[in-house]
Every structure is written in C-alpha cells, then in structure tokens.
Amino acid sequence: MTKYIIRRLLQAIPLLFIISLVLFVLMRNTGDPLATMGGRRATRPEDRARLARQLGLDQPIYKQYIYWLIGNDWTKIDLNGDGIAETQGTRQGVLRGEFGFSLLSRGKPALDIIMERLPNTLLLMIPAEVIVLLVSLAVGVYSALRQYTWWDHFITAGSFIGYSMPIFFVALLSMYIFSVDFKRWGLPYLPTVGMFDPQIGKTPSQVALHMVLPIFSMTVITAAGYSRFVRSQMLEVISEDYIRTAHAKGLPYRMVITGHALKNAALPLVTIVGLDVPLLLGGAVVTESIFAWPGMGRLFIDHLSRSDTPVVMGILMIISVAVVLSQLLTDIIYGWLDPRIRYN
Amino acid sequence: MKRQWIFSFVVSVMIASLVLAACVPATPAPPATEEVAQPTTEEQIVQPTEAPSVQPTAEPTAVPPAERKVATFAWTQEPDSLNTWYSDMWFADILQQIWSCWAWQYDDQNLPYPHLVTEIPSMENGGVSEDGLTITMHLRDDIVWSDGTPITSADFVFTYDMVMNEANAVSSQYPYDYLESVEAPDDRTIVMTFAEPFAPWESAFWQGLFPKHVLEPVFEADGTIDQADWNLAPTVGCGPFVFSDWESGSFMRFVKSDNYWLGQPNLDEIFFQFVPDDAAQTAALMAGDADLGTFPPLSDVPALEDAGLKIITQNGGYSEGWFFNFRDMASPAIKDLNVRRAIAMAIDREAIIQDLLLGLTKPAETFWDALAAYGYVPPDIVPWTYDPEEAKRVLEEAGWVDTDGDGIREDANGNKLTITHGTTIREIRQDIQAVAQQQLGEVGIDLQITSNDSDIFFGSYADGAPPAVGDLDIMEWSDSTYFPDPDTDYWLCSQIPSDENPYGYNYFGCDEQLDALFQQQLVTIDSAARTKIIQQITKYTHDQVYWYGLYVDADYWIVSEHLTGVKFSGVTPFYNIMEWDMQ
Amino acid sequence: MDTTANQSIASLQEETEAPPLTPRQLIWLRFRRHHMAVFGAITLILLLLYSIGGAFIFPETFSNYTDTKLRLQPPSAEHPFGTDTVGRDILARTIYGGQISLLIGLFAVVVETIVGVVIGAIAGYYGGWIDSLLMRFTEAMFNIPQLFLLLVMAKFFGNKIPTLEMFGRTFSGSVIVITVIIGVTSWMYLARIVRANFLSFKEREFVLAAHTIGTSNMSIIFDHIMPNSIAPIVVSATLGVANAILSEAYISFLGLGVQPPTATWGNMLDKAYNYLESAPWLWIFPGTLILLTVLSINFIGDGLRDALDPRTLME
C-alpha cells in the first residue's frame, strides 16, 4: 500500500510540471498586464519599459518560467535598464512556497491574496458538498425503492430538469423568485449579492443568510445529477442475490436497506465526490460572479481578465496539487471501504 | 407504458410553470421604494457613546445628543493600494484629498488654488523663471503631518527620489522624469530644474507626498517601498482626516485629524463601504444606508432621484470618442477626409445620449471640451450635426457611389467602403457599435465591428494589440488630456509604434503640421501664446476629423440630501471635504 | 420422437414467429419505448425547426436592427419576446442565436469525438509507453477544471480570427475559436472510455485472428475494434452536445465567448444580468431555450444509453 502511494506521488510530479509549463506559457501570452497600468489613460512607453523590467516581464519566457519556479535570488537582475545585471534578485520561487507578487495589487504577495479568498470559497463549497451528498443519497434511494411509482417519475423528471439547467439560469431564477418576487409579495426575502449586508457587518447570521441562494443554486444541479446516479446504483444493488438472501433470512427491511444495500450503492459515490475537489477549491466561477461572493472563482476571473499571471498560476497550481492528492485519497478510501479492491 | 407518458407530461408542466413563474410582468421600480420615505430619524448612529459632536445639530427625535457625524460612502470597487503611485484605480486616487495633501488643489471650476504652498509659482510672482527652466515653491509655515511632525521640503525631495528610484515599481514616473533636479535650499523652499521648458508642470507635480520620517527607514531596510505597510495602511497622512482601518472586502475608515492646519472638518468620520456591485450600491443608497455613491447605472437614476437623492455630474476631463487611423496600413476609405466628414454627420449622437445614456450627458465636440473654460476651444468651430442626407451627398461627390446596388458604396476602382471599428467589451460600447453599424449602413458605409477585453485592446504593438498594429480604422474609448492641462502626446510622430519603438502609443498617424504644433505647445511657458497654439490644435483635429466625440464621460455622484456643503472638483473631487456636514 | 409432429410444430412456429430483429431494429424499438427520449427527440426537432425555419420568417438584418427609441420594451404584439438594450427584437435574436449555439454544440462535439477517439484508440491499442504518455497527458488536462481551461484559452485565442461568411450568414471569428476550444477541452472523458474499451477488446480472439492473417493495425483499429465501441461513443457524443452548449453559454456569460454582434443564447444572457428585475425578458427566453435544448439532448442520451446497452443487446 505504501509503495502504491509513493508510486502515485512520484508519477504526479512530472504531471504537475507539465501542467504548470503549459499554463504558464498560455498565461504569459494572453493579454498584457501593463496595458491598464496607466489607470484611465494609456500607459506611457517609458513607464511600460521600466515596469516590464522591474516586474521581470521583459525576460524571455523560459527565464520567466524558471524564475517563477525556483526564484531569482541566486542570480542578479538588471533593474535600471543599462544592460548590466547588478541587483540581487529577491524571489524564492514556487518550489519554495513563494508565488510571487501580484501584478495588479503590486506589493501584495499572490499567496496572501489567494489565502484571503480561499476560506470564503470553502465556506460555500463544503456545506454545498455535504448537502449534495445527503440530498442525492436520500432522493436517489427513495426513488429507487419506489421505482415506477408516481413519486419516482416526478423525481426523475425533476432531476433531468435540474441538471440540464445552466447554473446561471438557476441562480438568476432563484434570485428573481426568492429575492425580488418575495420582497414584492411582502414575504420574508433572501438577500441577493455579497457575503453580508454592509450595514450590519460580517456576522455569522448575515453570512449564513447570504449563503442560502448560492448554495441552493449549486446543489440543485449537482444533486439532480448525483441522485440519478445513486438511483441507478441502488437499483442494481437491490437486484443482487445477497439482498434477496438477506430478505429471505428474515432481516428487517430497514436493516437490509441501510446495512447492506446502501453501503454498497454509496461506494461509487465516493469516487465521484473525490473528483469534485477541483470544483471545491476553484469555486463555482459563475455562481460567485453572479452572487458577488468574494471567493477564489471570482478572484480567478478578475485577475485573469487583467493578466495577473502570479495570482492566476497560483490558483491553478493549488487546484492541481489538490486534485492529485484528492484522487489519491479517493482511491485509498475506496480501497479501504471495498475489500474486493487491492492495490499492489 | 402509460406511466412514461405521465413523465413527459409532468416534465412539460414543470417547464411551463417555471417559465410562467418567472414571467411576472416587471414593474419599473418595485413598489417597496415608496416605503423608503425620507427617514425621520437620523441614520448613521454608529457609536452613540463617543466624544462630543462638533456642532449641536437639531435632531427631531430622541437620539443621544453627543452623536458622531459619520458619512458612509458606497464604493463599488475596493482600492488595491492607498499609495497613489502604486494604484491605477480612480477609487483609490480620489481619496487623496481626504487623508493626503497636494501642493495645490483644484476647485469645482477645476481651477487651482494653493494648499501646501503659499502661492502657486508663476512668472508674475517670480516663482517661474523667465526661461521657464526653474520653478521655485515656498511652503507654508504651519503644515504638519497627522502625527505632528512638520512637513518640510525634505519630504518633497524624498518623494522625488522614491518615484525615480529604480527599486520602486511605481505605475508612472510622469512628470518627474522631465526634471533635471529637485533641491531644498532650506526647509521651506523647493527648487525644481528642468532641462527644457515644460508647460504642463502645474497640472501634474506634487500630487501626493511621502512622509520621509516614516518611509525612509522602510526603504533603507527593504531596499524598496513596494511592500511598505504604509501603502496599505497610511497611518501618517496630511489631510483633514486620518486613516483608521481597512478590512479587506468590507470597509475602510477615516477619522478626523487633530493636527490639520486648516482646522477641523465638520464630519467626524468617513466610512467607505465596499459593495459588491451597482445594484447593491443602489439598494444601499435608496435604503439610506449610504450617503454617497458613484457612477450609478443609468437605468437606476430615475428611481434614485425619486428617492430624494441628487445626481451631480462633474467633468473629469474624459470624453468618449472615436480615434481615426490615418497611418499607412489604414484603409484608403478612412484616409479620405470626405469619408471621415460623412461619418461625423451620419451618427445621431443626440439619440445615443437620449436613449442609451438617458440624456444625462452631452455630446463632446473636441478633445479639449473639458478645458473650454480655460479658452482652449476656439469659437469658430462648427459642431457636427446629424445630417445623413448631407453625408450621402459628400460621399457621392467624393466618388463613393453604390454601383452594384448592394447598399455599400464603392470608389472608382471598385473598392468597397468598408471600415473596421474596434473597442472594449463594455456593454455601452458594444451597444454604440451596433447603433453605429446601422446608422452608417444607412449612408452606404459598411462598418465591421469587433471588441476585445481591455488588457488585450490596450496592449502594445509588441503584443499585437489591434489598435497598436493598426488593424482598426476607428478605435473607440474614453480618454482625456493630461487634465487639467491641455497637453497630450497621442498624436506625436515620435510615438508611432514600430519594431524600434514597440511601446509607442500614437495609433493614429503622423501629421507633420500637427506634430509641430504639439511639440511647440509643450515648451511654451507663456500662457497666452500657449492658448493660441492649443486653439489651433483643437480646430485642426476637429475639422480634419482626427477625433470624433460621442459624449462627455463625466463623473457621476449620487449624494443623499443629508450631506450639505457638498461640492466636487473634476481633478480633486473631495477638495472641500472639510466643509461637508450632515443634517 | 415423432419427427412429423416436430416438423409440423417447427413449421407452425416459423409461420407464427416474427422474423428475428436486426440489431438496428432492436435499438430503434428500445429507444421508442423510452418515452422521455422520444419527447426529447421531438422537442429537439422542434427547436431545430425554430432556429432554422425561423430564419425564413425573420431576415438576419432584422435581428441586428437597432432602434434605440424602442430599447427594453417588454413583450408585446410586435416584439413577442421584447427588445434588448439597443432595441433589437429578442425573438429574432434567439432564432439566429440558436443557430450559432446549436452549431457550436454540434461541431465542438465533432472535434471532441475525433480527438478523444483517436487518442483513446491509440493509447488502448498500442499500450506501453505510448499509452503511459497519452494517459499522463489526459490526466493533466483532466486535472484542471474545464471552465478554467476554457477561460484561459478563450483569452489566449481571443479575436485572432476575422469574421467569415458561411451558409449565407456572417459570423464573428470567435465562433470558430469557441468551437475548437470547447472541443479541445472536453475529449478526456471519451478518450478514457475508448481506451478502456480497446484494452478489453485487444485480447479477444477475433483480434488475434485478424493479426495472424496479417491485417494492418489501422484496419484492426477502425474496422474491427471500433465498431464494438460505437455505443459508448454515440452516447458520449450526444451528451457532449449538451455539455458544449452549456460551456458556450458559460463562457459567453462571463464575457469571453462569442462576441457581438453575432448573437448566441449564451451572450444574450451576459448582458441580461444587470436587468434581472427591470427587464427579465432579456434572460428568461434565451435561458429557457438553453434549458429545453439541453434537457431534450439529455433525454435522448439517456434513451440511447438504454437502447444501446450491450448487455441487453446480447440477450
């Protein structure tokens, strides 16, 4: 088992390098972070040339990548444009945990910016995942046990609609109904955007209130999809021989379902949830944009549109590492839960 | 079997009900706004147990008498830095008059008045030398930083040194890179020396100051001030208010300063609330949670005015307009002056302003309209009027005739009158493009429209950005001169981008005559002579249709009726923040 | 045994029994039984008629005709879906927008299928280091959330392709860009499935037999193994169209997709966000159309999956 883990981790390393290289090249070629540094006016050529030098953007791309990866404090750089490298570099590079300074908020380390937003995203995603799991299990199992009844049809139809909806449609619709319409009809209504009401402040109840609509929008779609999956798994398991045997042995219905069927049906769900980790961290970009939630997804969009390479690369690399680790974790847990699987 | 049909039926019903549920006819403003009547109680009661208020104001209801006057401003963008040399955001720069200080500031007519200096240097008072190469400033005796340390000329020299130092990645060194030297013969005097006369000096120097006693130690320790704490938390300032705290994503707070040499402001505190978007700003203003907002979505303006808020516009120097490309690679059509004149007459600017901008601004005629008060726009300019028939006539006479009946004109050689137009992806710009395409189509001009994200659009020649490489015949964006100075270097021949000069930003073309005029005005210190040259430039760029104005891109402020004494400047918006008061 | 009795029974059976069904007929029959799938198919055909047929009722110039005096009108007799921010008729724009959205969906899947099948087939068939390399590459692409990848690539390719004319319409070059990048970021799942298929079929006797008689590798891949993988490919492609339409809607919503004036259902929703309350007709109609399209395709895909299920085909 340990050998398996180590092997997987070793395999992951070249993978991460390839990802980082491809993304870095793409990022450096999309748009010019210096273009909008003049504020509302075009950036002057003198300033542009100077800033390119100071921010290390005038180097050829392979050098930029190397400096990003392992820093430049082992070499000298040319800060004053005379062609002679005389100043010691100060960056340590990603491999030593320093993601560079944001090109947008100059002076702020990229990692700090990301870490400020990460908790907000997790705050949204973790409850969402938990709710999705619970809802899809409940709905899927119920639907499976009541196969071909009116309820089952209703739920199936609903699930199809649920996961066919584009997320912004769900979000807009729910905002419209639960905020705008409810307010108009005099019912207690939910807030639309932001993480908390500015006047009241960042209290837990405010944040919880503002979490409702974004989480609702996300869970509707994901739970709809997963409940179908759970349903089909459950149907398969129920028709297995060992379930029939358990019934025949006189085991109470409830025990058969929860003790045997559910456990086996839920296993594949583990794999799928494990694969959701990138979404967990990346934040639902669209949801965060619509609800103006200050999370990582929105951070990504904002900084991508201004070509802030250090922050964007930081987000992408954190997600990639998390994905690799989570896939490994999922496989291990799955192997532990299902005694039929053995890794050598 | 039958149950499967029930499925499909259920699905159809669900979809239908979804659509119907959302199709409630929309009223222009939800009735709830009528309930947001003029509040009879005071809002802004944040800390009722604080120090005694500055003036006892008459409060109609039972509230504690010693209540602080806190003005809440709703900011839709959170500043990235409070150090104006590191930030490109308007939302950060305009805070300067609240906590920092300029050598001279600008009033609501956009005319300068002395602030840190005893008087603004000029040729009359000897502050500016005859040859224009030396400028001498005298500081007031009573100016101090918020911690009590006197402001001296050493702070000015230090600011110059920091901006010019290669270790500091400041956004722009303009205009300090025109200086040969800055000296401080004594604590109260600063002498600036130029290599060549620099006419725009008054509009750009000493707009913000670094406290030497705070930042010099940082510079010596780190080798740069890029990561100084002061940039994000400038606890030492020189304005009527002092920075207090800043919670990222939430708010920023400034409290009144005890050491301001002009006295104490009426307000006790200014609280900046960061709201996630425009709709949230509108909601906050209508609910009375915020007293001031900026750039409301135009569709919200009627509702805001109904709720008793005032919309104040101020000219910040920016106008939205079309820049025409007359470089070699531009299409032959756009290089024909007649075509440009026809275009200028074929666009109904009034309709655009009335319908898309709710009539809240006016057409811009020249690039220097914002400075008309200074006399830079000659009276003999004939504004363009919307006259499609005249446009068609001009095109016909110039030889552009629609020979093949497809609605698009051709010249004698059969080349089609096709013009490319590019801009950024902002909604109003894309809307204008659609309207322009139609209106130009009506006079037989085929307008091809594209749009890009702004950091691609404003990229350099080296990046292959469309305006820079000359792919576009017409480029649209909002820009200004080095306001409040009429200088601009957009049409200098030396700024044309090329392989040798990859960062040049003259995307428009080299007109020798115009180039000479621009270069001349830059070094003409005598204001009467300079005004004459600028007038020539204004008329020439207008009549040659090098720049066609769409509308004045004004600053929009929404102010609650509880704030009194409010005036805005286009250059230094909060110039009279000391006199603001709350009712 | 009484042979005559058997023979008469046999001939009786022959007469009364229906002829055995071909696999194709079997699939069609099973598909038809799946009523949701049929509903989906009918809806999709109606939507196609709407987008293509509607073009004969409203000329394209009408969908681009701006009249700022008529901006943001609610649905009325002349403009059944209302007008947008510059006074263009929304009904006409959903028709032409539908053409583009459906086109992008379809062609993106073509790109995606080609790439996915080729990579999966080569990896599965040749195995060894080729397989390792291709699978690492696939994993790398997999690891990055698709939307992020789409956004970065949409920015990268931006407006590098000029407008073109096709089928009597002018398209902004970004249509091609979006189509290709959606295709290029969605093939990974299909490649995995095809590879798994190939891995399992590679060792079957009929393949070994083909080897021994000297059939070329290409022929084995395309003529022998591939036909057995059709089922998952078809299902994946069908569902891929739904996914492509959604992806286009997402990036257009975020402002980086197809640029105006070419309308797509996605970019009509981009602008509509600011008018949530004041002009809901801006987003309800394009949104519902997307929903209906994606829903129908999902139904069809579900039906196909059941109809093509190899386990039941074998029975």
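**Exercise 1. Describe the extent of the contact between chain B and chain A.**

Step 1. In this predicted model, 55 residues of chain A are in contact with 68 residues of chain B.

Step 2. The two chains bury about 5000 Å² between them, and carbon and sulfur atoms account for 57% of it.

Step 3. On the side of chain B, the most area is lost to chain A by B:Glu166, B:Asp455 and B:Tyr503, which together make up 13% of what that side buries.

**Exercise 2. Find the polar links across this interface, and say which elements of chain B supply residues to it.**

Step 1. Nine residue pairs are in polar contact between chain B and chain A, both residues being at pLDDT 80 or more.

Step 2. The rule finds two salt bridges across the interface. B:Asp177 forms a salt bridge with A:Arg44, with the closest N and O atoms 2.8 Å apart; the cut-off is 4 Å, so this pair qualifies.

Step 3. In chain B, α1 (2–22), β9 (269–274), α15 (454–457) and β15 (474–479) each supply at least two residues of the side that touches chain A. The most come from α1(B), with ten residues.

Step 4. Sorted by class, that side of chain B has 34 nonpolar, 19 polar and 15 charged residues.

Conventions: Residues numbered from 1 in each chain as written. Chains lettered and ligands numbered in written order. Predicted model: local features only at pLDDT ≥ 70, side-chain atom pairs only at ≥ 80, totals over all residues. Heavy atoms only, no water. Contact = heavy atoms within 4.5 Å. Buried area = accessible area lost by both parts, 1.4 Å probe. Salt bridge = Lys/Arg side-chain N within 4 Å of Asp/Glu carboxyl O. Polar contact = N/O pair within 3.5 Å; in protein donor to acceptor, adjacent residues only side chain to side chain. Helix = DSSP H or I, 4+ residues; strand = E, 2+ residues; numbered from the N terminus. Nonpolar A, V, L, I, M, F, W, Y, C, P; charged D, E, K, R; others polar.
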